[in-house]
Amino acid sequence: MITALTLDLDDTLWPVMPTLLRAEAVLQDWLRVHAPATAAAFDVPTLQRLRGEVTRRHPEFAHDLTTLRLITLREALSASGDDPALAEPAFAVLFAERQRVQWYADVRPALERLAARFPLLALSNGNAELAPTGLSPYFVGAVSARGCGVAKPSARIFEAACAALGCTASQVMHVGDDWRLDIVGARRAGLHTAWIRRPEAALHHGPSSPEEDDAPGGRHLHLDDLLALADALGA
Ligand SMILES: [Mg+2]
């Protein structure tokens with residue numbers, strides 16, 4: 001008996017890539033004005049490479065994309081001779097743009113139906129907050145990797161989400177686009193799962209090997225979008 005749902009955000013409710021590309025571009029514009037030496041030395045791909053290095057050097061922040069971004073910006077600013085304290089305002093500009101997401105067309109009508117039937121909890125590894133996206137009225141709360149100290153696919157974040165809902169794992173269905181992070185992780189934690197594979201998505205995060213598809217667990221759905229999920233759950 002499913003009594004509550006947890007939902008991934010990026011690429012489940014909105015396409016994340018256009019949002020991130022726009023946020024990177026806005027950051028570059030800001031740097032050109034406030035830290036021109038950094039803008040000249042660190043274009044988008046160069047800054048991305050540095051972020052990759054920072055991520056490898058700081059596995060302790062793997063669950064905290066905000067901190068990884070701030071460290072990256074501080075290092076880029078310092079290396080260019082700009083004030084590293086500009087990292088905070090630079091991040092604020094990037095983050096504000098990163099929150100300006102465009103939901104997939106099915107999301108609002110589907111969440112309206114699903115939220116009328118189930119408590120919905122956001123469960124994300126990303127650093128987007130729900131309120132600025134305009135979707136928070138449909139959710140009873142959110143659990144993030146940053147707040148939890150551990151990221152999907154760890155069972156601990158799914159357990160934290162179930163605890164926040166006051167449910168056992170077998171009462172909760174997790175909904176997400178990423179096979180490894182969302183589906184394998186949730187099933188190992190004992191949740192039911194719905195794998196959303198949008199036909200229009202540029203990139204599918206599928207099973208890395210066919211046998212992974214046979215993972216044990218409760219109810220498991222493969223669906224094109226959230227309206228199909230609302231239909232499947234009778235919402
Ligand atoms: Mg996702």
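Which residues are exposed on the other side of α8? Hold that thought for the third view; everything here comes from a predicted model.

View 1. Three aspartates supply the protein donors here: D8 and D177 each through OD, and D10 through its O. These donors sit 2.1 to 2.2 Å from the magnesium ion. Along the chain, the donor residues follow the spacing D-x1-D-x166-D. D8 comes from the loop between β1 (4-7) and α1 (16-34), while D177 comes from the loop between β4 (172-176) and α9 (179-188), so this pair ties together parts that are 169 residues apart in sequence.

**View 2. The buried side of helix α8.** In α8 (residues 155-165), the buried residues are I157, F158, A161, C162 and L165. They span an arc of only 140° around the axis, which means they end up on the same side of α8. What do the buried residues of α8 pack against? Their partners are the strands β1, β2 (120-124), β3 (141-144) and β4, plus the helices α7 (145-148) and α9.

**View 3. The exposed side of helix α8.** Here's the answer to the opening question: R156, A163 and A164 are the exposed ones on the other side of α8.

View 4. After α8 comes G166, which has a positive phi, near 70°.

Key:
Residues are numbered from 1 along each chain as its sequence is written. This is a predicted model: local features need pLDDT of at least 70, side-chain atom pairs count only at pLDDT 80 or more; totals for chains, interfaces and linings use all residues. Side-chain values use heavy atoms; hydrogens and water are left out. Donors are N, O and S atoms within 2.8 Å of the metal (3.2 Å for Na, K and Ca); water is not among the atoms, so sites may look incomplete. Helices (H or I, at least four residues) and strands (E, at least two) are DSSP runs, numbered from the N terminus. Buried means under 20% relative accessible area, exposed over 50%, partly exposed in between (1.4 Å probe, protein chains only). The arc is that of the directions from the helix axis to the C-beta atoms. Contact means heavy atoms within 4.5 Å.
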